[in-house]
Amino acid sequence: MHRPRRTRPFKAMLLSGLVVPLSLLAATVPVQPTLAATGATSANPHNPLAGRQWGVYQGRGSQAWQPYVDATGHRKQLLAKIALRPKAKWFGAWVSAADIGDRVRAYIESSTGGDPDVLVQMTVFRMKPWEHKACRRLPTDAERASYKRWTDNFAKAIGDAHVALILQPDGPFALCAPHHSKAPSHLIRYSARTYGALPNTSVYIGAGAADWLRDDPARAARILVPAGVSGVRGFALNGTHYDSTRREIRFGTAVVKELARRGISGKHFVINTSSNGRPFAGYTYDGKSFDNARVCTTRDEHRCVTLGIPPTANVTDRDWGLSRKDRARAARHVDGYLWFGRPWLYMQADPFVMKRALAVARTTPY
């Protein structure tokens, strides 16, 4: 499918999976525990996201953190459902190559509290041009050199930290490069190789979403293969969409099989569940702006945006409402349900919108 046009560019506890100061936990009613079980399944015994704490970034760069700190009472309880959960902060060209190393190191320090065993999550959105601009022109020689320099500095800052890295969301834009050029894909492949060579970084390349690709795993493979999926852990789905977790599990499983058919076996994937508590397919959305889609206003509404399954590596929990077959698919292929979408922000990008944040926190079924 053609993705609905954006009206502006993308910029960018009680839970065993969280690292949060006790003083902050004492300031609010605790979020219901959803990350208590994070062990790898026997079908996916080497899941790199399982069996360790997931860190929570506690800085202004999360956009939801300071509003939570400043809030009181019931508002603080609601914002805790966003602020106290592990999320993947987005990094892109708005941070210079000279500054990106310091930004990443500070982010890792805040997210882990200095504990080297804690998992950090981040999203890299560095390609330029990207989105609809990527359909009109290719990156210049200067942009390609800048991309690689930025990537090298980012990787150096990660070092041996334990990281789950979502690489270049909105992957289908690679398919619209002028003259069917693979130049954007090959730059992503450079990043995939660079990050994938780090000792404790698990890379998941953005492959769009089932609804965006009309459930066609071959199209996903055309994104992933030239982008270097053979050398990384796998791929990421549903990053800026609101499709159901069930459908993404089935689609991702089909993509894994399609990659294996092409000689690339053993791949896994992660699913963004930050925005799909009441899922709907993108091509059925009839509102003004898909990226700023209507949020749910009551718990009884459907086909609107609200928080989905909380971040976890426990992908087979019966509380998620999956069928037996879908739990089996998830156990074998899905490393985690992550939050690398940001429905509490304007256009999923910037700035933080209190009304949206309170609405998605109040109406989530989880």
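This is a predicted model: local features need pLDDT of at least 70, side-chain atom pairs count only at pLDDT 80 or more; totals for chains, interfaces and linings use all residues.
Where does Gln168 lie?

1. **Gln168.** Gln168 is found in the loop between E3 and H6. Its phi is positive, about 55°, although Gln168 is not a glycine. The relative accessible area of Gln168 is 1%, and with buried meaning under 20%, this residue counts as buried.

2. **Arg214, with a positive phi.** Arg214 is not a glycine, yet it has a positive phi of about 55°. Look for Arg214 in the loop between E4 and helix H7 (217–224).

3. **Strands E3 and E4.** E3 and E4 run parallel and are joined by five bridges. Strand E4 covers residues 201–206 and is mostly covered, with six of its six residues buried.

4. **Strands E1 and E2.** Strand E1 (residues 89–92) runs parallel to E2, and four bridges join them. Gly92 has Phe125 as its bridge partner in E2. Seven of the seven residues of E2 are buried, so this strand is largely enclosed by the rest of the structure. What points each way from E2? Leu119, Gln121, Thr123 and Phe125 point one way, while Val120, Met122 and Val124 point the other way, and all are buried.

5. **Two cis peptide bonds.** The peptide bond from Lys128 to Pro129 is cis, with omega near 0°. Another cis peptide bond joins Asp350 and Pro351, with omega about 0°. Pro351 has its place in the loop between strand E7 (334–338) and helix H10 (354–363).

6. **Trp130 and Phe173.** How many aromatic pairs does the structure hold? There are 16 aromatic pairs. One of them is formed by Trp130 and Phe173, which are edge-to-face, at 6.2 Å centre to centre and with 65° between the planes. Trp130 lies in the loop between strand E2 (119–125) and helix H5 (141–158), and Phe173 in the loop between strand E3 (162–167) and helix H6 (183–196). The pair therefore links distant parts of the chain, 43 residues apart. Both Trp130 and Phe173 are buried.

7. **Phe235 and Phe269.** Why is the pair of Phe235 and Phe269 stacked? The ring centres of Phe235 and Phe269 are 5.2 Å apart and their planes are at 15°, so the pair counts as stacked, a class for planes under 30 degrees apart. Phe235 belongs to strand E5 (residues 234–237) and Phe269 to strand E6 (residues 268–272), so the pair ties together parts that are 34 residues apart in sequence. Phe235 is buried, and Phe269 is buried too.

8. **An aromatic cluster, and lysines over rings.** Which residues form one aromatic cluster? They are Tyr57, Phe91, Tyr107, Trp150, Phe154 and Tyr195. Phe91 also has a charge over its ring: the charged end of Lys89 sits there, 5.4 Å from the ring centre. Elsewhere, Lys76 lies over the face of Tyr68, at 4.2 Å from the ring centre.

9. **Val56.** Val56 is in the loop between helix H1 (22–25) and helix H2 (65–70). Buried or exposed? At 1% relative accessibility, Val56 counts as buried. In sequence, Val56 and Thr112 are 56 residues apart, while in space they are 7.3 Å apart, C-alpha to C-alpha.

10. **The largest cavity.** The largest cavity holds about 60 Å³ of space. It is lined by 14 residues, and the closest to its centre are Pro169, Asp170, Gly208, Asn238 and Gly239. By class, the lining of the largest cavity divides into seven nonpolar, six polar and one charged.

11. **The second largest cavity.** How much space lies in the second largest cavity? About 30 Å³ lies there. The residues lining the second largest cavity are Gly39, Ala40, Thr41, Asn44, Asn47, Ala313, Val315, Ala331 and Val334. Five of the lining residues are nonpolar and four are polar, with no charged residues.

Note on methods:
Residues are numbered from 1 along each chain as its sequence is written. Side-chain values use heavy atoms; hydrogens and water are left out. On a 1 Å grid over the protein atoms alone, a cavity is a set of points where a 1.4 Å probe fits but cannot get out, and a pocket is an open set with protein on both sides within 12 Å along at least five of seven lines; lining residues have an atom within 4 Å of a point. Grid points are joined across faces, edges and corners, and a volume is the space filled by probe spheres set on the points. Ala, Val, Leu, Ile, Met, Phe, Trp, Tyr, Cys and Pro count as nonpolar, Asp, Glu, Lys and Arg as charged, and the others, Gly among them, as polar. Rings of Phe, Tyr and Trp (its six-membered ring) pair if their centres lie within 6.5 Å; planes under 30 degrees apart count as stacked, over 60 as edge-to-face and the rest as tilted. Helices (H or I, at least four residues) and strands (E, at least two) are DSSP runs, numbered from the N terminus. Buried means under 20% relative accessible area, exposed over 50%, partly exposed in between (1.4 Å probe, protein chains only). A charge sits over a ring if NZ of Lys or CZ of Arg is within 6 Å of the ring centre and within 35 degrees of the ring normal. Two strands pair if DSSP finds at least two bridges between them.
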